[in-house]
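These are my notebook entries on a single model. I record below what I looked up, entry by entry.

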Amino acid sequence: MIALRLLALALGAALGVLYPFIPVILADRGFSPAEIGLVASIGAVGFTLAAPAWGHLADVRLGRSRTLQVCAIGGAAAAGALLGAWPPIIIAVLFMAYWVFESAWQPLADALTVNHVDRRGYARVRLLTSLAFAVSTIAAGFMYDVTGYQLAFVLTVGLALAMALAAGFVPDVRRADLSAAGGVAEADHGGRFGSAGLAFRVAPRLAGVLAAVMLLHIAIISGFTFLPLRLGDLGSPPSDVALSAGVSALTEIPAMLVAATVARKIGLRGIFVVSAVIYAAATASWTVLATPLLIIATRAFTGLAFAWVVVGVVLTIARLLPPELQGTGQSLYQTVGFGIGAIIANIVGGLLYDLIGSAAVFGMGTVLSLSAAVLGWWVFPRDGARHERIPSAPVAG
């Protein structure tokens, strides 16, 4: 489907021109590592609260395509406002607004994708996001060497609006009817969790899966936030930061191509555990490496691991939950991974970086990656559980 592929490309490019540079943009505006961690954590709080709300809105009220359009336009507005020369508190608030809207981008794109394609098809669409992310990040990094970081916000606005346009042409599936599924009755008795509560009732295994995902993503987010700062400490220019993110994203592309085959051979559980172990090895290396090029080279391994984590988790949720709850399920993945995980990673990581140094941050990531591998072995299904469909209401025109 052309619209789905264009959506994947626009999403990757919109993230690529801004997301890897946020820590160094904040540093460029005078924020310390601890303050950067605090700002990122404030954004992660908004992300954590917003993502399941967007999932509920998408699955029950507006539909996934329309909700994604709203959030793409909202993210573009926040990025555009960051072009201004604001005091630190306003910068923090605007980044929080950006993260609130951005929290819906990937999960709703994933929900639309898994509802239209099979396992192999998902990986092929998702690799377009990685490709666009890699190309846009590397190109943007070299441009920012010349222009500075203001251009990042201009590019984000244009690409987010392109994403909103593409989302409007992607068909949606039916919405979940919580009343018919018993959700309203249970909400009346104190279970005020909407479609998220229903998702956990439909798939009890989901809670353990998300716990393992959270542990691993604390390590992943620590790398996202503090590896650019480590490179900056070593004297790297913006283009090195871009290469670090770009090498990782480029590696995701072949990893995505073979992910479905690997998952068939070792199972969804296996692909998650192997990815966590690879991430542990990479973060361990960052505690001792002091050469930017060697650090950038290790990002090839984290790219492979990240791609397999994404495929393993998204497809696990796709198998555990019915199509009507995919917006909610994929949003819960983002909530615990890039929301709760980011809050912990950025607050704890920022303090560790300021008080002890980068080795403490990446050492924490190593321990948590290995813990995620152990927990994942016990809670992930080998190949996913068969889900039951729930009563649903037709999509409104």
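Predicted model: local features only at pLDDT ≥ 70, side-chain atom pairs only at ≥ 80, totals over all residues.

**Entry on Q334.** I place Q334 in helix α14, residues 326–355. Setting aside neighbours within four places in sequence, I find Q334 in contact with F47, S103, Q106, P107 and G339.

**Entry on α5.** I then checked the length of helix α5, residues 88–102. At 1.5 Å a residue, its 15 residues should span 21 Å, and the end C-alpha atoms are 21 Å apart, which agrees. Next I listed the buried residues of α5: I91, A92, L94, F95, Y98, W99 and E102. Seen down the axis of α5, these buried residues fall within an arc of 165°, so they line one face of the helix. As a general point, an α-helix has 3.6 residues a turn, so residues three or four places apart point the same way. I also asked what covers the buried residues of α5. The cover includes α1 (2–16), α2 (22–28), α3 (33–62), α4 (64–81), α6 (105–114) and α8 (150–167).

**Entry on α10.** For helix α10, residues 194–202, I noted S195, A196, G197, L198 and A199 as buried. The buried residues of α10 pack against α3, α11 (206–233) and α14.

**Entry on the nonpolar core.** I looked up the largest nonpolar core and found 127 residues in it. Those with the most contacts inside this core are L7, F21, F95, W105 and L206. Helix α12, residues 238–286, gives the largest share of this core, 18 residues.

**Entry on cavities.** How many cavities of 30 Å³ or more does the structure hold? I found two. The largest cavity has a volume of about 690 Å³. It is lined by 42 residues, and those closest to its centre are Y19, F133, F224, F306 and F338.

**Entry on the largest pocket.** I recorded a volume of about 220 Å³ for the largest pocket. Its lining has 14 residues, of which V114, V117, D118, A318 and R319 lie nearest the centre. The elements that give two or more residues to this lining are α7 (119–147) and α13 (292–320). I note that α13 supplies the largest share of the lining, three residues.

Technical notes: Residues numbered from 1 in each chain as written. Heavy atoms only, no water. Helix = DSSP H or I, 4+ residues; strand = E, 2+ residues; numbered from the N terminus. Expected span 1.5 Å × (residues − 1). Buried < 20%, exposed > 50% of the residue type's maximum accessible area, 1.4 Å probe, protein only. Arc of directions from axis to C-beta. Contact = heavy atoms within 4.5 Å. Core = buried A, V, L, I, M, F, W, Y, C linked by side-chain atoms within 4.5 Å. 1 Å grid on protein atoms, 1.4 Å probe; cavity = no way out; pocket = protein on both sides within 12 Å on 5 of 7 lines; lining within 4 Å. Points joined across faces, edges and corners; volume = space filled by probe spheres on them.
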